[in-house]
Amino acid sequence: MNKRNYQRELEERITYHSSLGEVPTLLLHSCCAPCSSYVLEYLSKYFRITVFYYNPNIDTLEEYNSRAAEQRRFVEEFPTKHPVSLIEGNYDAKRFYETVKGMEHLPEGGARCEACYELRLREAAEYASRLGFTYFTTTLSISPLKDAQKLNEIGARLAQEYGVAYLHSDFKKKNGFLRSTQISEEYDMYRQDYCGCIFSKKKDELIGKI
């Protein structure tokens, strides 16, 4: 079976709406400002975007607030063709730990991470449906460590459940990750060295000791 080209599918969506003179609305779940940087640079030419910062997986309230503040700053300072706004979700760490209960021992990138993806994408789908957005999607696929196929499969399933379209994407394509690091440097962003949850932090700390 041929692997889907999510970048091409995204470009086809953009071409379709542009041909009709439309600027659809997009609820963009963001894991952090650095990952949102290239995505906003790219998609704000074609969509009216609301960044949805919802990350109950982050290990401490202090870390969460640091990342949230940087997300706010970037949205305020970054110039875009179409306006970009921001919604901050609730920091409910208990919900994250309940979601991954029993999977604490699993390796990074496995079922625990997939459950975390779904937790955050589900909240985005619910918001997008309730607020009447044309699409929802996530910045998560920009990371070389994130499985774009799994993210898109989860997004498509939630789209069916909530009745709102999911914008298929793989933002690491077209040097998206590289561009995100460049923009992060240009804006002197706070850039964390772990995904966010206590499990990814412990993994990085362990690697650093080897």
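User: Why does phenylalanine 199 count as buried?

Analyst: Please note that this model is predicted. A residue is called buried when its relative accessible area is under 20%. Phenylalanine 199 has 14% relative accessibility, so this residue counts as buried. Phenylalanine 199 belongs to helix α8, residues 198-209, and, neighbours within four places in sequence aside, touches Phe96, Tyr97, Val100, Glu104, Glu108 and Arg112.

User: Is threonine 25 buried or exposed?

Analyst: The cut-off of 20% applies here too. Because its relative accessibility is 17%, threonine 25 counts as buried. Threonine 25 is part of strand β1, residues 25-30, and its side chain reaches the backbone nitrogen of threonine 134 at 2.9 Å.

User: How many aromatic pairs are found in the whole structure?

Analyst: Rings are paired by the distance between their centres, which must lie within 6.5 Å. The search finds 13 aromatic pairs. One of them joins phenylalanine 52 and tyrosine 127, a tilted pair with 4.5 Å centre to centre and 40° between the planes. Phenylalanine 52 lies in strand β2 and tyrosine 127 in helix α5, so the pair ties together parts 75 residues apart in sequence. Both residues, phenylalanine 52 and tyrosine 127, are buried.

User: Which kind of pair do phenylalanine 78 and tyrosine 187 form?

Analyst: Planes over 60 degrees apart count as edge-to-face. Phenylalanine 78 and tyrosine 187 form an edge-to-face pair, with 65° between the planes and 5.8 Å centre to centre. This pair links distant parts of the chain, 109 residues apart.

Note on methods: Residues are numbered from 1 along each chain as its sequence is written. This is a predicted model: local features need pLDDT of at least 70, side-chain atom pairs count only at pLDDT 80 or more; totals for chains, interfaces and linings use all residues. Side-chain values use heavy atoms; hydrogens and water are left out. Helices (H or I, at least four residues) and strands (E, at least two) are DSSP runs, numbered from the N terminus. Buried means under 20% relative accessible area, exposed over 50%, partly exposed in between (1.4 Å probe, protein chains only). A polar contact is a pair of N or O atoms within 3.5 Å; within protein, one must be able to donate a hydrogen and the other to accept it, and residues adjacent in sequence count only if both atoms are side-chain atoms. Contact means heavy atoms within 4.5 Å. Rings of Phe, Tyr and Trp (its six-membered ring) pair if their centres lie within 6.5 Å; planes under 30 degrees apart count as stacked, over 60 as edge-to-face and the rest as tilted.
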